[in-house]
Amino acid sequence: MKRFLSIKWIAAALVLILVVGGSQEAVAFSSGSSTASLGGVDYSSFLSRLAEDESVSAITLPDAGASVGEIVSVPLVLTEAPSGVAGFLMEFSLVDVSVGSIVSVEFPEYGLTYDAVTDGSQVRFAAADLFQLFEAGATDFTLALVNIQGLSEGSTALRLCVVQMDDDNGNPITPQVFDGTFTTF
C-alpha cells in the first residue's frame, strides 16, 4: 500500500510543478536537509499550545523572532500520526511582508519534495514520504523548516494551511493548526 501512495504523491507533486511552471514563481527541488539553527524561536508558547489538546494531531507554529537581516527557521511539527504520513501539500504565509520575508524551505529526507516561494510572503510546498520516515505511531516530527528573514521592526502573523495530508492507508489527516507570530526587532 505504501508504494501505491508514494506514486500518488509523486503524481501530485508533478501536477504542482506543471501548474507552477507556467507562472513567474521560482521552483526549487530539495533532496535533503541541512541542520538549521533554531535561534530566535520561542518554544514556551509552542509547548503551552500543544498541552491544550494532546489527543488530536496538531501543527503549532511557534512564535519566532529575528533581528533585521537575520534568518531564523520556523519548524512545522506534527504532534502525532497514528497511521503514518504518506505525503502532504501546504501553504505557509506571512500576513505583513514588510516585517519579514520567506527565503526557503528545508525538508527531512522524504524522497520527493517541491516548494515555490512567491514574493517572500507565501510558500507552497509538498512532500511524498518515499523513504518511509513517518510510519504508523510517529509522534512530534518535523515536517519542514520555513526560513524567514527579518526585514524591519514589527510583528506579523504566521499562517499555515494544510491543503492535503494523507496517512499511509490513503486516508486524509486533518490536523488542528495553531498560527504563530514572527517579530523583527
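Modeller: Of the 185 residues in the chain, 46% are buried; here buried means under 20% relative accessible area, exposed means over 50%, and partly exposed lies in between, with a 1.4 Å probe and only protein chains counted. This is a predicted model, in which local features need pLDDT of at least 70 and side-chain atom pairs count only at pLDDT 80 or more, while totals for chains, interfaces and linings use all residues. Residues are numbered from 1 along each chain as its sequence is written, and side-chain values use heavy atoms, with hydrogens and water left out.

The chain has 2 helices and 13 strands; these are DSSP runs numbered from the N terminus, with helices (H or I) of at least four residues and strands (E) of at least two. Among contacts with a separation of 6 or more, 76% join residues 24 or more positions apart; a contact means heavy atoms within 4.5 Å.

Now the interior. In soluble globular proteins, nonpolar side chains tend to be buried together. The largest nonpolar core here holds 35 residues, and F92 and F125 touch the most other members. Such a core is a set of buried Ala, Val, Leu, Ile, Met, Phe, Trp, Tyr and Cys residues joined through side-chain atoms within 4.5 Å. The elements that give two or more residues to this core are β4, β5, β6, β7, β9, β10 and β11, and β10 gives the most, with 6 residues.

β10 also pairs with β7, in the antiparallel sense and over 6 bridges; two strands pair if DSSP finds at least two bridges between them. One of these bridges joins S104 to N147 in β10. β7 is mostly covered, as 5 of its 7 residues are buried.

Next, the aromatic rings. A pair of aromatic rings is described by the distance of the centres and the angle of the planes. Rings of Phe, Tyr and Trp (its six-membered ring) pair if their centres lie within 6.5 Å; planes under 30 degrees apart count as stacked, over 60 as edge-to-face, and the rest as tilted. By this rule there are 6 aromatic pairs. One of them is F107 with F125, a tilted pair at 6.1 Å centre to centre and 55° between the planes. The pair links distant parts of the chain: F107 is in the loop between β7 and β8, F125 is in strand β9, and they are 18 residues apart. F107 counts as buried because its relative accessibility is 0%, and F125 is buried because its value is 0%.

The rings of F134 and F141 are 3.9 Å apart at their centres with planes at 15°, so this pair is stacked. F134 is buried at 9% relative accessible area, and F141 is buried at 6%. F88, F107, Y110, F125, F134 and F141 form one aromatic cluster. Apart from neighbours within four places in sequence, F125 has contacts that include F88, F92, F107, Y114 and L160.

Finally, G111 lies in strand β8. G111 counts as partly exposed because its relative accessibility is 39%. Leaving out residues up to four places away, G111 touches A128, L130 and F131.
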